[in-house]
Amino acid sequence: MHSKILILDFGSQVTQLIARRVREAGVFSEVFPYDVSDDFIRSYGAAGIILSGGPNSVTEGDTPRAPQAVFEAGVPVLGICYGMQTMAEQLGGKVEMGKVREFGYAEVRARGHTALLNGISDFVTSEGHGMLKVWMSHGDKIIEMPPGFKLMASTDNCPIAAMANEERKLYAVQFHPEVTHTFQGKAILGRFVHEICGCKSDWNMPDYISEAVEAIRKQVGDDEVILGLSGGVDSSVAAALIHRAIGDKLTCVFVDHGLLRLNEGEMVMNMFAKNLGVKVIHVDATEQFMGKLAGVTDPEAKRKIIGREFVEVFQAEAGKLKNAKWLAQGTIYPDVIESAGKGKKTAHTIKSHHNVGGLPETLNLKLLEPLRELFKDEVRELGVALGLPHDMVYRHPFPGPGLGVRILGEVKMEYADLLRRADAIFIEELRSAVDEEGRSWYDKTSQAFAVFLPVKSVGVMGDGRTYDYVVALRAVQTQDFMTAHWAHLPHDLLGKVSNRIINEVRGLNRVVYDISGKPPATIEWE
Ligand SMILES: Nc1ncnc2c1ncn2[C@@H]1O[C@H](COP(=O)(O)OP(=O)(O)OP(=O)(O)O)[C@@H](O)[C@H]1O
Ligand SMILES: O=c1[nH]c(=O)c2[nH+]cn([C@@H]3O[C@H](COP(=O)(O)O)[C@@H](O)[C@H]3O)c2[nH]1
Ligand SMILES: NC(=O)CC[C@H](N)C(=O)O
Ligand SMILES: [Mg+2]
């Protein structure tokens, strides 16, 4: 058995990043809600516990607290932001609602020598102080440390920016070591799990596979499982993983809602017939989806309808099997956090990903989502470890609602057909624009697509007036799809794509390029 780190979640948008950084340090970790019982803490067997940040304020009554056993279990604890504040409060320190909120970049002076920050700094000032470049996101601050604690770091705004009780191995930081904007964050979390908790780097993808396979077998027993397969990265990896666990008891259902890309249906069915020995049923539900979407313009309403119709199809297919009790999906962590939705008491809803926030209350199948904790790049790593082909694992993501969220406002077949053709041209050109090292712009971008704008503009073609629709091109670069930059595509390439779209797709006469980052914009337009 390898050692493991327990992360208690107080509702931060970035809690999973803590888990991820710990896993990157080669140490197994799991996230649980903050309100697990004292017994759970005592019997879990953690080598260390991390308390996440969160949107609440400990200065208000009835806000989350860590189980008291956390501080009495005798294992090292690291509190981050809200986690630090609740640690301070619970152990006899004082927290106050600050006058200024500190959001974003800050420079922190490391004080004293502690096992956590020992030898870690970004630069040294002329007075010889070691400084850290960090990311802060808080309003409250600690004004009095609990007894037995010493100061570990400070800023002008926040004199107690980190504190420690080294005897009891309790550490706390006001800044967020889990985000990449804290330059030494990875090193700090690495020191916590290795030096302070004494964990070895003994966790990796092959281990993850065998554990996940075991867990799936235990969870589903002898039941059959239906899996929503889109041909995208996540559901393909989920299919391969579940197939490894339960073999023929898995049936995949690929739904064509009429909002897929050009020739996507045949492509996905061929790819699966060739690469995975799994059963795939192809359901053409175009009329069902288009009928329900007619006249609907609100993005959230569209997402909810699509989510519901997906489930209708899955349930109908499940009904045709003898013993299907589970619906498996390739849901990954960003889908979960942005939809917030069920089970999340604190995080905010950004948009309802069809497979999470869009699920109806009446689902009569149990959910099996083995990738729910992972980020996209981890899913890809898992896919490679499972032996899936490179092209499948490195496809750009395509949202389940498909062109439904790329046709702004009402979805019509006429619009979908125009968009499909424009999108195919864009992707074809990205694939064929290859640099000296043989990398195409398709590989250099994380996601790229066309968006249909239901507005008409005037043009002139062949001396005649045109009055046609507009498409926007979007291409982004990102690690984890939580934040993204717009891709600086070469102008020549954009020009060529624009020319081809306008010349080849009758009904479109204007092409624009989207230069918004995420945040503030999201990747999809709806
Ligand atoms: N056309 C479809 N048919 C069946 N299930 C689908 C379809 N589209 C999406 N799903 C289900 O919804 C889940 C979420 O979709 P999402 O697009 O996020 O993931 P993906 O398609 O598996 O991967 P990628 O993000 O690479 O496109 C999928 O994993 C799959 O279970
Ligand atoms: O399966 C999905 N169902 C959805 O409802 C959905 N909405 C967005 N996405 C994809 O998620 C990533 C982040 O997208 P946004 O920046 O638009 O939120 C991007 O990769 C999006 O394509 C979805 N995927
Ligand atoms: N990011 C956080 O954990 C914030 C903690 C608390 N809500 C504050 O504003 O200070
Ligand atoms: Mg997809």
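Residues are numbered from 1 along each chain as its sequence is written, while chains are lettered from A and ligands numbered from 1 in the order in which they are written. In this predicted model, local features need pLDDT of at least 70 and side-chain atom pairs count only at pLDDT 80 or more, whereas totals for chains, interfaces and linings use all residues.

The protein is divided into domain 1 (4-196), domain 2 (205-393) and domain 3 (406-513), with bounds that come from an automatic or database domain assignment. The centres of domain 2 and domain 3, taken over C-alpha atoms, are separated by 27 Å. Between these two domains, 14 residues of domain 2 are in contact with 13 residues of domain 3; two residues are in contact if their C-beta atoms, placed from the backbone, lie within 7 Å. On the side of domain 2 that touches domain 3, helix H9 (286-293) and helix H12 (376-385) are the elements that give two or more residues. Helices (H or I, at least four residues) and strands (E, at least two) are DSSP runs, numbered from the N terminus. The residues on this side of domain 2 comprise 7 nonpolar, 3 polar and 4 charged. Here Ala, Val, Leu, Ile, Met, Phe, Trp, Tyr, Cys and Pro count as nonpolar, Asp, Glu, Lys and Arg as charged, and the others, Gly among them, as polar.

Ligand 1 has 20 residues around it, of which Gly228, Gly232, Ser235, Gly330 and Pro397 come nearest; a residue is near a molecule if its C-beta atom, placed from the backbone, lies within 6 Å of it. Helix H7 (233-246) and strand S12 (250-256) each supply at least two residues of this shell. By class, the shell has 8 nonpolar, 9 polar and 3 charged residues.

Helix H7 has 14 residues and reaches 20 Å from its first C-alpha to its last, close to the 20 Å expected at 1.5 Å a residue; the expected span is 1.5 Å times one less than the number of residues. Because 13 of its 14 residues are buried, H7 is largely enclosed by the rest of the structure. A residue is buried if 20 or more other C-beta atoms, placed from the backbone, lie within 10 Å of its own. After H7 comes Gly247, whose phi is positive, near 55°.

In an unreviewed UniProt entry, the annotation "binding site" covers residues including Gly231 and Asp234; such annotations may be inferred rather than shown by experiment. Gly231 lies in the loop between strand S11 (224-228) and H7, and counts as buried because it has 22 C-beta neighbours inside 10 Å. Asp234 is found in helix H7 and is also buried, with 24 other C-beta atoms within 10 Å. Not counting residues up to four places away in sequence, Asp234 touches Gly330, Ile332, Leu371 and Val379.

Around ligand 3, the residues include Ser12, Asn56, Tyr82 and His138. Strand S7 (residues 130-144) gives the most to this shell, with 4 residues. The shell around ligand 3 divides into 3 nonpolar, 8 polar and 1 charged.

How values were computed:
A residue is buried if 20 or more other C-beta atoms lie within 10 Å of its own, exposed if 12 or fewer, and partly exposed in between; C-beta atoms are placed from the backbone.
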